[in-house]
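Trainee: I am new to this structure and would be grateful for a close look at a single part of it.

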Amino acid sequence: MSREHVPPSGTGRMVRLRTVTSPFHARVLVARLGADGIVTELRGNVGGPYPVGETSVWVPEEEAEVARALLLADEVEATFLGLDHGDPAPLGRPAAGRDGRRVWV
């Protein structure tokens, strides 16, 4: 299977950005990238009657690096907020930091 594809719309060569285990997760990634104007294409288990199997998110080759950086930044931020493990909020109580921003202590 080739990892490149030229769509008929003429947007250029598409490359696989990420493969996820559910179409819902893929659509969340597409929404995040679309918020920054990155065109996407979904392949795999996208609109079938059974939500089973992997779904791949593809982006134009010239935007792939920016897309990877956006998703990485989101993952890092989620890790610091404790969202990566399903925690609803950081432990502790809110307090004012030195610069006036909210911090958890």
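Which residue stands opposite Ser-56 in β4?

Mentor: The residue opposite Ser-56 in β4 is Arg-43. Please bear in mind that the model is predicted.

Let us begin with the setting of this strand. The secondary structure of the chain comprises two helices and six strands, and along the sequence these follow the pattern β-β-α-β-β-α-β-β. Strand β4 spans residues 55–60.

Strand β4 has pairing partners in both β3 and β2. With strand β3, residues 41–44, it pairs in the antiparallel sense over four bridges. With strand β2, residues 14–20, the pairing is likewise antiparallel and runs over six bridges. Within β4, Val-57 is the bridge partner of Arg-18.

As to cover, strand β4 is mostly covered, with six of its six residues buried. Here, buried denotes under 20% relative accessible area. For the chain of 105 residues, buried residues make up 22%.

Finally, consider the contacts of the chain. Among those with a separation of 6 or more, 51% join residues 24 or more positions apart.

Notes. Residues are numbered from 1 along each chain as its sequence is written. This is a predicted model: local features need pLDDT of at least 70, side-chain atom pairs count only at pLDDT 80 or more; totals for chains, interfaces and linings use all residues. Side-chain values use heavy atoms; hydrogens and water are left out. Buried means under 20% relative accessible area, exposed over 50%, partly exposed in between (1.4 Å probe, protein chains only). Two strands pair if DSSP finds at least two bridges between them. Contact means heavy atoms within 4.5 Å.
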